[in-house]
Amino acid sequence: MPRTLLTAAAAAALIATATPAGAAGPGPQITVPPDKIVIELATVNGSGCREGTAQVAVAPDNTAFTVTYSEYLAQVGPGAPPTAFRKNCQLNLRVHVPSGFTYAIVQADYRGFAFLQRGAWGQERANYYFQGMPQTAHRTHQFNGPLNDSWQSSDKTEFADLVWAPCGEKRNFNINTELRVNAGTSNPATTSFMAMDSTDASVSTLYHIAWQVCPTPR
């Protein structure tokens, strides 16, 4: 059953300090709908986000939303299952858009923690698409060991290249993400991992929303 998930206080604080949605490139003045948008997490699939381990929160000003994970970790090394080197997650979101508006994702900010031995590397990949429309190209960010720190990456789209939700149609929005860790030339007796999860809202994926007014039907 879909779960309607609205703004958590901690996530709202994170969103409030984020880059405005139009920061990825010049474009016309964005008119944000005054009515509160609601996002339902319709389905969750993937080895990195079993049911109940991903949550969505919407910014109070309708300019962004966050996704927070609690079990999203890829790892290699002693004791790690053979398939643990790659974890993925597909979120299917039902976005209730106010009448007369359409939206697009202009920027996505990913955060997490990595412990990579010297010679090992990790990757974060993502792409996005509206139901029934072509998928965007995957964007990949690589992090090389040695690394024992937080990591962050951003996917930005110029305003002219944004993919907008079709006006007047209800199409779910899909987000595909992946974490991958490779031992490379590191000592095989050591462990490396890359995580995109958190026990609180301080480590979240932040999606910036651009808005447009739909043309008036003739």
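**Legends: the disulfides of a predicted model**

**View 1. Cys-49, a buried cysteine.** In this predicted model, Cys-49 has a relative accessible area of 1% and is buried. Its sulfur is bonded to that of Cys-89, with an S to S distance of 2.0 Å.

**View 2. The bond between Cys-49 and Cys-89.** The torsion about this S-S bond is about 100°, so the disulfide is right-handed. Cys-49 sits in the loop between strand E2 (38–45) and strand E3 (54–58), while Cys-89 belongs to strand E6 (residues 86–96); the pair therefore ties together parts that are 40 residues apart in sequence. Cys-89 is buried, also with a relative accessible area of 1%.

**View 3. The bond between Cys-167 and Cys-214.** A disulfide joins these two residues, with 2.1 Å from S to S. The torsion about the bond is about -95°, so this disulfide is left-handed. Cys-167 is found in the loop between strand E10 (147–156) and strand E11 (173–182), and Cys-214 in the segment after strand E13 (205–213), so the pair ties together parts that are 47 residues apart in sequence.

**View 4. Exposure of Cys-167 and Cys-214.** Cys-167 has a relative accessibility of 36% and counts as partly exposed. Cys-214, at 13%, counts as buried, because the term applies under 20% relative accessible area.

**View 5. The pairing along the chain.** A search of the whole structure finds two disulfides. With the bonded cysteines numbered in sequence order, the pairing is 1-2, 3-4.

Technical notes. Residues numbered from 1 in each chain as written. Predicted model: local features only at pLDDT ≥ 70, side-chain atom pairs only at ≥ 80, totals over all residues. Heavy atoms only, no water. Disulfide = S-S within 2.5 Å. Helix = DSSP H or I, 4+ residues; strand = E, 2+ residues; numbered from the N terminus. Buried < 20%, exposed > 50% of the residue type's maximum accessible area, 1.4 Å probe, protein only.
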